[in-house]
Amino acid sequence: MDNVIKNLPKLAKDKHNENKKYFDKLKKKPPKNLDYVMQELHDAEFRKTDCLKCANCCKTTGPLFTLADIERIAKHFRQKPQQFIEKYLRIDEDNDYVLQSVPCTFLDHENYCMIYDVRPKACREFPHTDRKKFQQIANLTLKNVAICPAAYNIVEEMKKKLPL
């Protein structure tokens with residue numbers, strides 16, 4: 001798995017132009033069955049993908065924290081939301097709450113999330129390959145294929161299953 005993760009940025013970079021053209025076409029004319037196909041591809045990939053062997057998303061990027069996330073996680077820690085923000089978060093250039101640093105503070109040495117049951121919505125939904133109206137998150141997906149081996153595989157399968 002380490003080798004796959006190490007090569008992923010290069011693989012994604014090599015496919016970037018091809019993927020960008022594909023997603024540009026997809027946005028213009030999404031197939032009627034896109035959401036169904038994406039759910040199928042997502043489910044098939046995650047039947048064989050063990051995120052605990054990778055956790056590259058947690059090691060290299062941080063999620064956005066919504067106010068609901070902050071309140072839920074602060075409550076879990078028996079803190080006031082402001083205490084949680086001061087201890088763990090910062091405001092980024094888009095004015096969103098994000099982790100002060102990566103890898104994620106809540107990732108343990110065995111790739112387990114220490115706040116899994118109350119983790120941010122962005123973490124629960126990552127890599128977003130089963131999202132409805134998938135064509136609307138093309139730019140996010142182009143970034144995620146360089147981070148997540150499963151997202152990379154899903155996009156490669158998608159191009160085979162839905163040639164445009």
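The model is a predicted one, where local features need pLDDT of at least 70, side-chain atom pairs count only at pLDDT 80 or more, and totals for chains, interfaces and linings use all residues. Residues are numbered from 1 along each chain as its sequence is written, and side-chain values use heavy atoms, with hydrogens and water left out.

H4 itself spans residues 67-76, and its buried residues are Asp-69, Ile-70, Ile-73 and Ala-74. They sit on the same side of H4 because they cover an arc of only 120 degrees around the axis, the arc being taken over the directions from the helix axis to the C-beta atoms. These buried residues pack against strand S1 (64-65), helix H5 (81-88), strand S2 (89-91), strand S3 (97-99) and helix H6 (121-125). Helices here are DSSP runs of H or I with at least four residues, strands are E runs of at least two, and both are numbered from the N terminus. Just past the end of H4 comes Arg-78, with a positive phi of about 55 degrees.

How do H4 and H5 cross, and at what angle? Their axes come within 8 Å and cross at roughly 95 degrees, so the two helices are roughly perpendicular to each other. On the H4 side the contact (heavy atoms within 4.5 Å) is made by Ile-70, Glu-71, Ile-73 and Ala-74, and on the H5 side by Pro-81, Phe-84 and Ile-85. Sorted by class, that gives six nonpolar, no polar and one charged residues.

Then there is the pairing of H1 (residues 2-28) with H8 (residues 149-161), which pack at an angle of about 40 degrees with axes 10 Å apart. That angle makes H1 oblique to H8, as angles under 35 degrees count as roughly parallel, over 145 as roughly antiparallel, 65 to 115 as roughly perpendicular and the rest as oblique. The crossing of H1 and H8 is left-handed. Among the residues making the contact are Leu-8, Tyr-22 and Phe-23 of H1, and Tyr-152, Val-155 and Met-158 of H8. The contact of H1 with H8 divides into 12 nonpolar, one polar and four charged residues.

Finally, Thr-141 belongs to helix H7 (residues 138-144). Thr-141 is buried, at a relative accessible area of 1%. Leaving aside residues up to four places away in sequence, Thr-141 touches Phe-23, Phe-134 and Val-155.

Terms used:
Axes are lines fitted to C-alpha atoms, for helices over the stretch in contact, and angles run from 0 to 180 degrees between N-to-C directions. A crossing is left-handed if the near helix is turned anticlockwise from the far one by less than a right angle, and right-handed if clockwise. Ala, Val, Leu, Ile, Met, Phe, Trp, Tyr, Cys and Pro count as nonpolar, Asp, Glu, Lys and Arg as charged, and the others, Gly among them, as polar. Buried means under 20% relative accessible area, exposed over 50%, partly exposed in between (1.4 Å probe, protein chains only).
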